[in-house]
Amino acid sequence: MNNLFLRALRGHNEDERPPVWLMRQAGRYMPEYQALRKKYTLMEMFHSAELIEQVTLLPIDMLGVDAAILFSDILLTAEALGKELTFEKGKGPVIANPVRSLEDIAALPEPDIEQGHRGVFEGIRALRKRLDVPLIGFAGAPLTVASYMIEGGSSKDMKHTRLLLWDHPTHFQRLLDRISQAIIQCLQQQIQAGVQAIQLFDSWAQILSHKDFVRFCLPSYKKILDALKPTSVPVIIFGRGTAAYYQEIAALNPAGISVDWPCNLRHVREAISSNVAIQGNFDPHLLYASESVIVERVWEMLREMEGDPAYIFNLGHGVFPDVSVSAVKTVVEAVKTYTPQLTHSGR
Ligand code: CP3
């Protein structure tokens with residue numbers, strides 16, 4: 001069993017290279033994935049234990065990464081709360097019955113996690129029998145899931161979300177609470193089925209001002225961390241565009257923080273406790289660059305974090321769908337072949 005990832009996440013990777021896995025490591029850049037997408041809709045894939053297992057394993061076999069991330073989607077939580085979810089070509093997720101009014105919030109049903117995630121939990125159990133690296137489960141953070149439920153899909157300006165939050169903060173909070181409850185149930189059941197770490201994706205945390213982030217996001221992270229604490233499963237928080245708040249996030253004591261690419265990792269390490277693992281933050285656009293540039297930049301990042309026992313290599317956001325397979329392989333290989341600079345103190 002390769003436990004590098006869990007060791008680094010617990011801050012105990014003293015002697016070996018940093019572990020590596022990539023957000024969106026299973027996806028459209030892979031021909032095998034594209035072949036499956038010709039046969040099945042995304043929703044069919046997210047609900048089929050067999051396809052979840054197959055797609056989760058694709059990058060493990062092909063790239064040799066140190067952790068697997070479950071093939072699923074953060075928006076299954078919205079579906080479990082009665083939202084009619086589809087994915088449309090060129091448009092991304094679409095929710096046919098968005099939450100727009102206060103009545104819509106009041107009318108949200110009790111989440112049906114068991115029914116809506118049956119394939120997910122079955123897939124997790126099957127994966128644990130097959131994998132020799134840890135399996136990461138995940139959910140969206142409440143704000144990000146709420147934004148899709150309110151906007152009805154992807155949105156550039158997030159107008160409806162912002163207006164609901166400002167004009168009706170109590171109702172917005174009620175919506176976040178309902179979503180948090182569904183997320184907690186979903187994560188507890190993922191853990192019961194066998195995932196060994198959790199990542200929370202707050203991809204749209206960046207739309208909030210600091211005050212609103214403190215008011216709405218931080219307490220929702222805390223609620224989820226508190227609920228999962230008895231399981232002892234480590235939780236990583238990825239909040240896009242939250243660099244200025246890393247100290248506040250770290251104060252909640254998650255196992256790790258996943259850092260997006262505009263940040264300097266050393267600055268983050270200096271700002272937060274050494275108990276909190278740092279994951280990231282290779283610029284995903286660099287996968288368009290030439291092989292030698294990719295290797296040079298990966299090594300530069302590894303040099304910067306050298307000797308840090310709580311560092312996990314990853315991208316600063318997901319792999320883009322149009323990068324080449326060989327670029328993705330180059331990144332992983334570069335992490336694995338890095339030779340530490342013995343003269344560099346690193347910390
Ligand atoms: O990382 C992985 O390989 C695991 C699987 C995974 C998916 N979605 C599968 C997926 C994970 C971790 C997610 C999380 C997710 N989903 C997020 C948070 C992470 C982030 O990227 O910020 C968000 C915001 C979503 C919602 C979502 N799902 C959108 C906006 C889209 C369409 C746009 C896009 O990126 O393609 C999806 C579809 C989706 N989820 C795909 C995959 C592999 C694309 C599938 C396809 O078109 O074939």
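Author: Let us begin with a term: two residues are in contact when they have heavy atoms within 4.5 Å. Please also keep in mind that the model is predicted.

Reader: Which residues does Ser-147 touch, not counting residues up to four places away in sequence?
Author: Ser-147 is found in helix α9, which covers residues 142-151. Residues up to four places away in sequence are not counted here, and what is left is a list of four names, namely Gly-152, Met-158, Thr-161 and Trp-204.

Reader: Is Ser-147 buried or exposed?
Author: A residue is called buried when its relative accessible area is under 20%, and exposed when it is over 50%. Ser-147 has a relative accessible area of 1%, and therefore it is buried.

Reader: How far apart in space are Ser-147 and Pro-134, C-alpha to C-alpha?
Author: In sequence, Ser-147 and Pro-134 are 13 residues apart. In space, the distance between them from C-alpha to C-alpha is 30 Å.

Reader: How far apart in space are Ile-150 and Arg-162, C-alpha to C-alpha?
Author: Ile-150 also has its place in helix α9, and with a relative accessible area of 1% it is buried. Among the residues that Ile-150 touches are Pro-98, His-160, Leu-164 and Leu-175. Arg-162 is 12 residues from Ile-150 in sequence, and the C-alpha to C-alpha distance in space is 9.8 Å.

Reader: What is the phi of Met-158, and where does this residue lie?
Author: Most residues other than glycine have a negative phi. Met-158 lies in the loop between α9 and α10, and at 2% relative accessibility it counts as buried. Its phi is positive, although the residue is not a glycine, with a value near 55°.

Reader: Does Asn-253 count as buried or exposed?
Author: Asn-253 is another residue other than glycine with a positive phi, near 65°, and its place is in the loop between α13 and β7. Because exposed means over 50% relative accessible area, and Asn-253 has 55%, this residue counts as exposed.

Reader: Which kind of peptide bond joins Gly-280 and Asn-281?
Author: Most peptide bonds are trans. Asn-281 has its place in strand β8, which covers residues 277-282. Between Gly-280 and Asn-281 omega is about -20°, and the bond is cis.

Reader: Which tryptophan is in contact with Phe-282, leaving aside its neighbours within four places in sequence?
Author: With its neighbours within four places in sequence left aside, the residues in contact with Phe-282 include Phe-313, Val-331 and Trp-261.

Reader: Why does the radius of gyration of the chain agree with a compact globule?
Author: The chain has 347 residues, and a compact globule with that number would have a radius of gyration near 20 Å. The chain agrees with this because its own radius of gyration is 19 Å.

Reader: What percentage of the residues in the chain is buried?
Author: The chain comes to 16 helices and 9 strands, and its C-alpha trace spans about 65 × 45 × 40 Å along its principal axes. Of its 347 residues, the buried ones make up 57%.

Methods
Residues are numbered from 1 along each chain as its sequence is written. This is a predicted model: local features need pLDDT of at least 70, side-chain atom pairs count only at pLDDT 80 or more; totals for chains, interfaces and linings use all residues. Side-chain values use heavy atoms; hydrogens and water are left out. Helices (H or I, at least four residues) and strands (E, at least two) are DSSP runs, numbered from the N terminus. The radius of gyration is taken over C-alpha atoms; the globule rule is 2.2 Å times the number of residues to the power 0.38. Buried means under 20% relative accessible area, exposed over 50%, partly exposed in between (1.4 Å probe, protein chains only).
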